[in-house]
Amino acid sequence: MKTIFERLHHSLSEHRHRNACCIKETFYTYGQLSVEVNKIRQCLRKEVPADDQYVGLIGNDDVQTYAAVLALWFEGKAFVPIRPNTAEDRKISIIEQIGIRSILDSRGQSTFGNYNWINTANLPEADTEFSDFEGGLSDDLAYILFTSGTTGKPKGIPVSRSNINAFIKAFETDNPIQLNEEDRCLQMFEFTFDMSVMCYLLSFLAGACIYTIPEGKIKSNYIFELLEKYRLTYSAVVPSVIHFLRKYFDEIHCPDLRYSILAGEPLHESVMKEWAVCAPNALITNLYGPTENTVICTQYDYKRTGDNKAYHDVLPVGRVLGDNDIIIVDKENNILPPHQEGELCIAGPQLIEGYWKNEEKNKYAFFDLEHEGQIKKFYRTGDLCYYDEDGDYMYIGRVDFQVKIRGFRVELAEVEVHAKHVLKGSNLVALAYTEPKNNVTVLAMAIEGKATDTAPIDAYLQSQLPDYMIPSDYIFYNNFPLSVNGKIDRKKIAKDLVGKVKM
Ligand code: AMP
């Protein structure tokens, strides 16, 4: 069986005359994409030392950045995506943690640091069309993503070439979702979020075309425009996008949509009932998975007729895909039977080896356990779930203080660490609450003490954290409300914040 790298290489030449990407209203064929891939491969061979295995990639919205991913893979290297608008300190934290020396930036605008910056939009034509390429599988890495860390430092998630190959294999097996070269696929995700890998990879493997969201556009509004204008056939979005679109549901009609994928956050049945009318011919699917287990590992197909299973209006995350081994455990790691709530843990070929140089976190997040006659390494997701007799997994909530803001993963402790840097000695908590009007999750901060101007806090947080980790709301208390066991009552604070919004 061919690896995804071999299939990608083949797809580029096989679909030479078909469109691969539509970016800012401009189409690029697979042939044009290949030209960019070749230019970057030539440059990598000439300008990046052979032992520079991990190369930084500024995640711009252009054909060169997609080409860079493929070029790095074909050269046997891994990319480390960096958000273009992220605070410089955070960029440097990522670069330094990995020890990156070379960074690809198609805008050529980054000037900081003593790194080997390569402007991929300004490269000479390749002297040759490379026919050799790295197509094999190994524990070599394909990418390293960074996610929010409780200590205030982002943590690296290294995903290998075998992990990503196993993900595609699991997703393509017995799945009603099968793309072909006629498909027009939304790609709304940033390069730093692994759902982007799923969108461009599935599309490029099938010879289909991706449609991206230009920077500066309001995502949900532009998605609506793309869906209608280009009659997209595949969309994958976080549920927050659908919540924002809800007010336009009366105007939205996408009969061409074949697959409507939702992933990354709890999915509400009540909203899907309405969305199903907007996308009358689409298979609506809820996908679940942590970045540590390579994109996704469970799937639930929404039923248009008949009853859907749901837990407090939240749809199941569904059945296990491929060779993923999923168990539910109690606090002592005992495996629980159906219908008992516990933490969802995963083993299998999509699971990463461990966090990047973070033994302390690895010791906590990974453990060995005998299952089905074999000792396997399991990952603790922090998700509270149970499964039923059909093998469908139900999502209940988190066991910790990780939240999702617009689909982005945020450790509340990371926001607190940085806020405490400004408000030295203050008692404060970061928390998330559901804003009832749009049903979206909002990040807020509660501070014990006299109400003060929050602008300096915002300014400092902006210099350290990505935009989605900046609180949208502040609330002050003389004394924090406490629960019966003396802990800060976050539920009461969330209620107060909702009340404040209504006023
Ligand atoms: P990430 O690593 O950014 O993909 O985030 C993974 C986490 O997002 C999971 O551990 C869950 O807490 C949450 N998540 C992802 N997909 C879903 C889903 N379909 N339903 C509920 N929560 C989800």
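1. S93 touches K153 and P154, leaving aside residues up to four places away in sequence; contact here means heavy atoms within 4.5 Å. This is a predicted model, where local features need pLDDT of at least 70 and side-chain atom pairs count only at pLDDT 80 or more, while totals for chains, interfaces and linings use all residues. Numbering runs from 1 along each chain as its sequence is written, and side-chain values use heavy atoms, with hydrogens and water left out.

2. You'll find S93 in helix α4 (residues 88-98); helices are DSSP runs of H or I, at least four residues, numbered from the N terminus. S93 counts as buried because its relative accessibility is 19%, and buried means under 20% relative accessible area (1.4 Å probe, protein chains only).

3. Now look at helix α1 (residues 4-14), where I4, F5, L8, H9, S11 and L12 are buried. Seen down the axis of α1, these residues fall within an arc of 160°, so they line one face of the helix; the arc is that of the directions from the helix axis to the C-beta atoms. Their cover includes α2, α3, α5 (161-172) and α6 (195-206).

4. Next, the pair α2 and α3. On the α2 side the contact has L33, E36, V37, I40, R41 and L44, and the residues they meet in α3 include Y66, L70 and F74. By class, the contact has 12 nonpolar, 1 polar and 2 charged residues (Ala, Val, Leu, Ile, Met, Phe, Trp, Tyr, Cys and Pro are nonpolar, Asp, Glu, Lys and Arg charged, and the others, Gly among them, polar).

Definitions and conventions
Helix = DSSP H or I, 4+ residues; strand = E, 2+ residues; numbered from the N terminus. Buried < 20%, exposed > 50% of the residue type's maximum accessible area, 1.4 Å probe, protein only.
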